[in-house]
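Please read it beside the structure shown here.

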Amino acid sequence: MERNTHSTDAGTRDEQPHSRDDRPLSDRVAETPRPAAVWALGAAVLLAVELGDIADAVLSLGGMAVGAVAFGYSGTLSLVSADGPVGLLALAGFGFGLFVAGLGVATWTRVRAVHRVTDRFAFRTRQVLDGVVFGAAIAVATWLAVTLGVVDGLAAAGGAVQSLLGAVADLPTLTARETIPNQGYQTPDGTWHGTFMGLAPAYAWALRVVVVYVYTAVALAWVWVGYLWYRAHYRRVDWTPRDDVVRRLRSHRWGQFGMVVTFLFLTMAVFAPSLATTSAQQNLYEPFSHSIQYYDADTDSVRETLVGTANLQTQSEGYAEANFGPMSYDQYDRFHPAGTLTNGKDLWTFLAYGARVSLVIGLLSIGVSAVLATVFSLFSAYYRGLIDLVLVVVGDTIMGVPRLLMLILLTVILSDTWVAGLYNGGILLALILAGTGWPFLWRSFRGPTLQIAEEEWVDAARSYGQSATGIMRLHMLPYLVGYLLIYSSLILGGVILAVAGLSFLGFGITAPTPEWGRAVNLGREYVASASWHISLIPGIMITLVVMGFNAMGDALRDAVDPKSDDGVASSTEADARGGGA
């Protein structure tokens with residue numbers, strides 16, 4: 001059934017009746033199956049051409065998850081078995097973790113009307129018993145799984161799945177470097193060997209870049225087409241407030257600029273192996289474990305040399321005789337789109353993989369900050385009183401200390417802990433940014449949450465005896481999603497800037513893990529020399545990415561809340577834009 005989705009004036013729209021189809025989505029699709037089938041077929045094709053890379057990504061994430069679980073399991077055992085206060089504290093922390101996990105499982109089963117063990121008790125007592133009973137059940141189930149060999153069976157099944165994914169990961173993909181190779185050598189007759197169809201490395205690399213961005217643009221456009229088809233054929237109602245949000249975004253030029261920059265950045269981070277001129281292992285991490293072929297004019301033969309040896313002879317050190325700038329080739333016929341670093345490594349490869357590092361740290365930091373800020377704002381708005389006062393004091397205390405000083409101090413103090421070894425300091429830096437950044441988000445959420453807590457539906461839910469957690473989750477949290485999206489996008493640019501700043505100062509991410517701020521630091525001595533590209537190119541990229549996220553945040557704010565004052569930014573937003581640093 002085709003629906004009219006033409007936008008109308010907001011006042012007129014509110015006065016018009018809207019049709020509603022309460023049938024299940026499966027019934028609506030069965031009535032008009034063609035759009036859903038066509039879209040699913042197109043999505044399957046887009047996934048199929050990148051199936052190998054998707055399987056490889058799943059393998060990598062699965063390996064990281066298994067490693068984290070194994071590390072946490074062994075670490076917990078060692079701490080619990082320790083003598084003295086350390087063992088007691090670890091045992092208490094482990095018990096509390098089981099209690100929280102059990103309480104979460106009990107809440108989850110309550111939503112699905114599963115039999116409750118402790119239903120006969122009062123609510124507060126029932127919550128405590130829920131955590132104890134279900135937490136003990138989790139502990140017993142885990143012990144039985146280890147004792148009876150269930151873990152070994154799961155490991156065997158996991159190995160079979162890993163082998164299957166490994167076979168899929170070996171499939172050729174559209175955007176892979178192996179599909180369009182750009183590394184090779186040129187013989188005296190001008191012929192290139194080892195590159196895609198004999199093209200020069202610059203053209204082969206440019207072709208692969210175009211393919212990557214065209215593929216991601218098509219995939220994004222296909223998602224948009226799916227949304228339009230869903231809105232036209234399968235949505236329950238003719239109109240929702242989301243339609244007006246989309247309409248406002250369509251006319252927001254500054255926000256569209258931010259979305260384009262964000263799209264370019266996210267694509268670079270996700271497809272870093274394909275956009276880089278070479279692999280990270282070969283050029284950044286283990287250059288002396290890989291070799292390349294090149295044509296030696298002196299011996300008139302094709303020779304082989306280690307990548308590390310070649311890098312030592314392609315360093316950019318500020319003068320013409322030792323400089324490989326943007327869009328240049330070195331004596332080994334390697335193409336460098338952004339030139340080389342002071343250690344001879346390819347700058348573009350460094351930047352491509354550095355975008356992934358910045359994105360991972362930014363998302364982890366914003367995710368933890370958003371969870372803390374959301375939980376704290378809900379509790380402070382609902383209970384107020386002492387809880388709100390404590391959170392205000394703690395938040396103001398953290399915000400009152402210069403954030404850059406606090407970041408440097410915590411990074412130095414925690415540099416010798418086991419957390420600092422995860423992701424070459426990236427996880428530690430993300431947690432520090434989250435621990436010092438949640439007050440800025442909490443301040444942004446606190447006002448709207450206080451207003452929501454005063455609404456009639458919250459009082460009605462409270463009068464009907466609904467639990468506090470249920471009221472927060474069902475009646476208050478949904479109204480914070482828009483603010484969460486807006487301020488998270490605003491702060492993400494500031495987090496990337498803070499990570500780059502710390503790396504520039506020599507803190508945070510350790511070498512050889514690529515990070516944009518360290519590239520700026522490496523080239524600061526050569527800004528006014530022939531090797532200007534080392535600092536200038538990553539500096540421009542940092543500026544554009546931060547501007548892009550801020551512009552996208554502005555657009556989301558204006559689209560979600562069109563009555564917001566565009567001319568005056570609150571102090572909280574100002575802190576968010578700069579990451580509070």
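The text below takes the salt bridges first and then a helix.

The model is predicted, with local features requiring pLDDT of at least 70, side-chain atom pairs counted only at pLDDT 80 or more, and totals for chains, interfaces and linings using all residues. Residues are numbered from 1 along each chain as its sequence is written, and side-chain values use heavy atoms, with hydrogens and water left out.

The structure holds 12 salt bridges (a side-chain nitrogen of Lys or Arg within 4 Å of a carboxyl oxygen of Asp or Glu). The table lists some, among them R443 with D396.

| Pair | Closest N to O distance |
|---|---|
| D330 and R334 | 2.8 Å |
| R443 and D396 | 2.4 Å |

D330 and R334 are both buried, as are R557 and D558; buried means under 20% relative accessible area, exposed over 50%, and partly exposed in between, with a 1.4 Å probe and protein chains only. R443 counts as partly exposed because its relative accessibility is 27%, and D396, at 36%, also counts as partly exposed.

Helix α14 covers residues 347–383 (helices are DSSP runs of H or I, at least four residues, numbered from the N terminus). Its 37 residues reach 53 Å from first C-alpha to last, close to the expected 54 Å, where the expected span is 1.5 Å times one less than the number of residues. At its start, a side-chain oxygen of D346 comes to within 3.4 Å of the backbone nitrogen of W348. R384 follows α14 and has a positive phi, near 55 degrees.

Technical notes: Helix = DSSP H or I, 4+ residues; strand = E, 2+ residues; numbered from the N terminus. Polar contact = N/O pair within 3.5 Å; in protein donor to acceptor, adjacent residues only side chain to side chain.
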